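My notes follow in the order of looking.

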Amino acid sequence: MKLSLGPILYYWQRDFLFQFYEQIAASPVDIVYLGEAVCSKRHTFRFEDWLTVAKKLAESGKEVVLSTQALIESESDLQTLRRLAENGTFAVETNDMGAVRLMSGKKFVVGPHINTYNPHTLGLLAGLGAKRWVMPVEMSRAKLSDILAEKPQGMETEVFAYGRLPLAFSARCFTARHYNLPKDDCQFRCLEHPVGLTLKTRDGKPFLALNGIQTQSSSIYNLLAELDNMKQVGVDVVRVSPQPLHTVEILSLFRQRLDGTLTGAEAGQQLERLMTDEPCDGYWYAKAGIEQIEVVC
Amino acid sequence: MSLELVCPAGSLPALKVAVDNGADCVYIGFRDNTNARAFAGLNFDLPATNEAVRYAHARGKKVLLALNTFPQTSTWQRWQEAVDNAAEAGVDAIILADAGLMRYASRTYPKLRLHLSVQGSATNYEAINFYHEHFGIQRAVLPRVLSLPQVEKLVKSTPVEIELFGFGGLCVMVEGRCVLSSYVTGESPNTAGVCSPAKAVRWQQTPQGLESRLGGILLDRYSADENAGYPTLCKGRFDVNGETYYAIEEPASLNTLELIPEMMRMGISAVKIEGRQRSPVYVEQVTKVWRAAIDSATKNAESYTVNPAWMTQLNKLAEGQQNTLGAYHRPWK
């Protein structure tokens with residue numbers, strides 16, 4: 001199986017982004033997804049900056065894929081989408097059916113925000129040029145296994161395997177709302193929250209993370225212990241979602257598990273020390289996503 | 001251009017009062033999780049569907065059938081049969097979200113009208129035109145996330161009719177792209193046709209107040225003088241940086257009565273009332289008010305004003321007794 005790094009879901013400073021991807025270029029990851037997938041107002045990196053980083057990563061031997069936004073509303077969102085679709089060099093991860101329309105006939109990856117729940121829809125996307133699909137985060141191992149029994153020939157399967165789960169998109173910016181600012185004048189407060197803004201229940205338990213127009217889980221989805229099962233089911237790529245700290249170490253632990261150079265117990269213990277929030281894995285077991293089923297060693 | 005009034009019905013009595021009180025179309029669902037209001041005791045079996053179509057057609061009205069959840073590999077057959085049954089019953093259109101199912105429906109029943117459900121998450125004309133090109137969809141229901149100027153631009157760039165939500169529970173997330181419910185309960189609108197399902201709800205009186213929990217997660221806590229609402233996950237009060245508030249959304253209803261002339265001017269084809277899970281009384285009252293409002297705006301859009309009596313009537317039915325224009329209105333935040 002290959003190892004991928006998903007698009008950055010947060011809003012980080014420009015210098016930090018360059019440094020981050022320099023580290024990624026030297027990390028043991030195979031595929032890197034780049035671009036702004038959440039909010040069109042985020043602009044510390046412009047389209048050209050993403051392309052610059054894409055080229056550098058490609059020179060380091062990484063497969064680069066450019067990700068589209070999930071929520072595409074305005075004409076300027078569509079213009080960005082067209083530039084991505086016409087970049088001519090890199091494959092595109094489509095996260096909206098509008099993106100699928102523009103990428104039809106070209107090589108593309110079906111992102112986790114396209115609702116692909118059965119082999120009929122997957123087959124349709126394959127017919128349009130999809131070479132890989134990322135399963136929806138709420139899908140269980142059993143349901144994935146059902147689809148893969150009937151998957152189109154040559155289709156690769158990727159699973160979101162580490163990070164706060166992207167659970168919802170909205171017209172409303174919850175970060176701006178928290179600061180009592182209108183969405184159109186958000187003052188880019190997401191920059192102050194490099195892993196989102198934790199929302200707790202009234203009894204003080206961390207529950208969700210507000211990330212602009214996106215709502216994430218506060219807990220970290222972690223399927224490190226499931227890599228062998230994924231291989232059995234027929235998963236080709238496992239995805240780690242970027243975070244500002246420890247991303248390279250996390251990728252290394254996944255790499256070592258994939259290569260069999262570290263035992264599951266050792267890797268699990270090391271990963272636990274790097275986790276800044278509670279783990280969860282319920283979705284994989286067809287339970288509520290927030291639950292932690294696998295007993296952590 | 002006339003604006004079609006699309007009203008909800010979770011039962012035959014609700015469908016009949018909708019038809020009798022001025023709905024142009026009534027939308028219904030089968031009695032299982034092939035639609036996004038899969039609640040116990042709600043919805044239509046086949047005889048009821050046939051009766052619904054007969055009743056509406058006899059009065060010149062249409063029946064739309066929602067098949068707007070996403071079939072899973074092992075349950076595909078049931079969704080396919082639901083398309084067959086809907087076609088057989090002679091409904092005027094089916095409302096779909098899954099692309100694979102749309103392909104099946106368009107190939108098998110080329111004359112059956114297809115509408116793109118709000119659960120299909122199409123928020124731009126490229127997405128809508130995708131469904132039009134491939135499956136010939138004739139109408140799309142827009143998620144409640146676009147502002148009116150954005151809607152207007154979209155309408156101009158697609159041959160597909162556009163339907164907007166006008167009244168009822170306000171979904172603050174892009175429909176079809178929210179799995180908060182399954183994160184907490186294991187069941188989401190996409191897969192199970194439910195959001196924040198009642199079986200996962202617990203109420204408990206505690207020294208701190210009345211607590212509502214969903215899947216064990218504390219969604220809100222009410223003091224004795226507060227009205228407790230249904231614990232929909234995104235409408236609870238939470239703590240962010242030490243501040244407790246409706247961090248995602250207040251429990252309010254969407255109400256766009258004042259926008260009717262604007263919708264007509266923009267070329268919107270239909271306005272949808274939310275609430276298949278609500279009672280026939282709700283359906284009757286909301287239908288009456290919206291019929292009167294649309295008729296008034298059709299007669300004279302220039303002099304149209306919202307009758308205060310309409311608002312009083314709708315406010316009684318609104319969730320949380322509050323109204324909002326939601327995302328249609330730009331300053332909303």
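Predicted model: local features only at pLDDT ≥ 70, side-chain atom pairs only at ≥ 80, totals over all residues.

Residues are numbered from 1 along each chain as its sequence is written, while chains are lettered from A and ligands numbered from 1 in the order in which they are written.

The axes of α3 (residues 76-89) of chain B and α4(B) come within 10 Å and cross at roughly 40°. Axes are lines fitted to C-alpha atoms, for helices over the stretch in contact, and angles run from 0 to 180 degrees between N-to-C directions. α3(B) and α4(B) are therefore oblique to each other (under 35 degrees is roughly parallel, over 145 roughly antiparallel, 65 to 115 roughly perpendicular, the rest oblique). Helices (H or I, at least four residues) and strands (E, at least two) are DSSP runs, numbered from the N terminus.

Which residues meet between α3(B) and α4(B)? I find B:W79, B:Q80 and B:V83 in α3(B) against B:L101, B:Y104 and B:A105 in α4(B), contact being C-beta atoms, placed from the backbone, within 7 Å. By class, this contact has five nonpolar, one polar and no charged residues (Ala, Val, Leu, Ile, Met, Phe, Trp, Tyr, Cys and Pro are nonpolar, Asp, Glu, Lys and Arg charged, the others, Gly among them, polar).

Next, the sheet. In chain B I traced an open, antiparallel sheet of three strands, ordered β9-β10-β11. β9 (201-206) and β11 of chain B are its edge strands, each pairing on one side only; pairing needs at least two DSSP bridges. The twist averages 25° from one strand to the next. Six bridges join β9(B) to β10 (residues 209-214) of chain B, and B:T206 stands opposite B:G209.

Then the domains. Chain B is divided into domain 1 (4-170 + 252-328) and domain 2 (180-245), with bounds from an automatic or database domain assignment. Their C-alpha centres lie 27 Å apart. I note 11 residues of domain 1 of chain B in contact with seven of domain 2 of chain B.

Last, the chains. The contact takes 54 residues from chain A and 52 from chain B. The chain B side divides into 26 nonpolar, 17 polar and nine charged residues. Two bridges join β8 (residues 197-200) of chain A to β12(B), antiparallel, with A:L199 opposite B:V240.

Note on methods
Contact = placed C-beta atoms within 7 Å.
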